Amino acid sequence: VAAEELALALRVTTVEADRLIAVGKAITGPFWATGESLADGAITFGKAWVIVDCLGGVDLAVAIPVEERALERAPQRTAPELRRDIERMLIEFDPESADERAAQAADRRTVGRPRPARDGMARMSLFLPAPEAVTLDGALDSAATAARAAGDCRTVGQLRADVLSSWAAQAAASGSTVATTSGQHVTSAPVRVAVTVPLEVLARALPGFTPPPSVGEVMRAEITGSDDAQRAGPGGPAGPAEGHRTEAAWLEGFGPIAPAVALFLAAGGTWQRIVTDTLTGAPLDIGRTRYTPPADIATAVRLRDRTCVRPGCSIPAHRCQRDHVHDWAKGGVTSAASLASECPRDHAIKSAGAGTPGPLQTDGTRTWTSAL
């Protein structure tokens, strides 16, 4: 769990911590020349990572000569250019091993989970064998070009994104057919996307509804000297130092979304009423009558936590396990307050004694105590 411990200490992602560890081990070992170039300022950490990432696991009889030649040009090359240089040299120096490495790399193919970006956007990464990636790229380009030729006013980038999203939407609505390794064809079930929309956000769709002035409106009015901050809403007049904070809607597997997006998603969905006590925050509790939480408590914990409770982990709560913060076998109770959403990896870390979630905070979050 070294990467997890380092990530918490430095407030970086586990991926960044993994890279720090990998580079540190490599430059104090066989790739000391890369370490010297990094220490001298001839290359950046990003370039050092490229060298270590490309040459790690390669036979040193090939890796060291490639490293030497790569470092000669590294100061004048960008990180992507350096990666292409090294990949080309590896193939040219040892084509037989290159075939084997390509097959092993293909086994690690994956599609990343959505990572939140600003203003309700998200990023996803693809790690595919080059032929499949180029095929996907060509298919998106072909669809975008056809739409542009028909007079579509969207940019090529927008069309590529929209075409890919439409393919996913079709598969989500009707399922998709997957050929298994045994040759059997199976069809997936339609996908459910959960969105939690506060009642006052839904009220914005009512004709004639005027929400009370937001904090932003009041602050802008104070700066500009406008009278808008005094306008009355359903909550009554707002004074110059007041403002109404509207709870954000939440897209499960992503995070907070804008009110207009939430209303659009809610318009075509199946609704489930969820009542929360904002006055007392009283947790659901069934004591020690059973270990496994009933569905209502599990749902409450999932909706409260939204993601894995370990800081820095963005695994959605619906893919996490409901774990007793204080072990049930040691006297813990089964209650919403005593349960936490933990992804399988972090649950294993906690079970191994390498970290422990702390008590539930007033904002619904938990701290994480390292074993070190």
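Mentor: Start with the aromatic rings. Rings of Phe, Tyr and Trp (its six-membered ring) pair if their centres lie within 6.5 Å; planes under 30 degrees apart count as stacked, over 60 as edge-to-face, and the rest as tilted. By that rule there are zero aromatic pairs.

Now the ground rules. This is a predicted model, with local features needing pLDDT of at least 70, side-chain atom pairs counting only at pLDDT 80 or more, and totals for chains, interfaces and linings using all residues. Numbering runs from 1 along each chain as its sequence is written, and side-chain values use heavy atoms, leaving out hydrogens and water.

The part to look at is a pair of helices. Helices (H or I, at least four residues) and strands (E, at least two) are DSSP runs, numbered from the N terminus. Take H5 to begin with. Helix H5 covers residues 60–73, 14 residues in total. From first C-alpha to last, H5 reaches 20 Å, close to the 20 Å expected at 1.5 Å a residue. The expected span is 1.5 Å times one less than the number of residues.

Next, burial. Buried means under 20% relative accessible area, exposed over 50%, and partly exposed in between (1.4 Å probe, protein chains only). The buried residues of H5 are Val62, Ala63, Val66, Glu67, Ala70 and Leu71. They lie on the same side of H5, because they cover an arc of only 150° around the axis. That arc is taken over the directions from the helix axis to the C-beta atoms. The spacing follows a general rule. An α-helix has 3.6 residues a turn, so residues three or four places apart point the same way.

The face away from its buried side carries the exposed residues Ala61, Glu68 and Glu72. What covers the buried residues? Helix H3 (32–40), helix H4 (45–55) and helix H6 (79–93) are among the elements that do.

Helix H6 has 15 residues and reaches 21 Å from first C-alpha to last, close to the expected 21 Å. Its buried residues are Leu82, Asp85, Ile86, Met89 and Leu90. Seen down the axis of H6, these fall within an arc of 130°, so they line one face of the helix. Arg84 and Glu92 are exposed on the face turned away. The buried residues of H6 pack against H4, H5 and helix H7 (95–106). Contact here means heavy atoms within 4.5 Å.

For contrast, look at some strands. Two strands pair if DSSP finds at least two bridges between them. Strand E14 (355–360) and strand E15 (366–370) pair in the antiparallel sense over four bridges. Thr356 stands opposite Thr369 in E15. E14 and E15 form a hairpin with five residues between them. Gly364, in the turn, has a positive phi of about 90°.

Ser338 is found between strand E12 (321–324) and strand E13 (339–342). At 14% relative accessibility, Ser338 counts as buried.

One last ring feature. A charge sits over a ring if NZ of Lys or CZ of Arg is within 6 Å of the ring centre and within 35 degrees of the ring normal. The charged end of Arg310 sits over the ring of Trp368, 5.9 Å from its centre.
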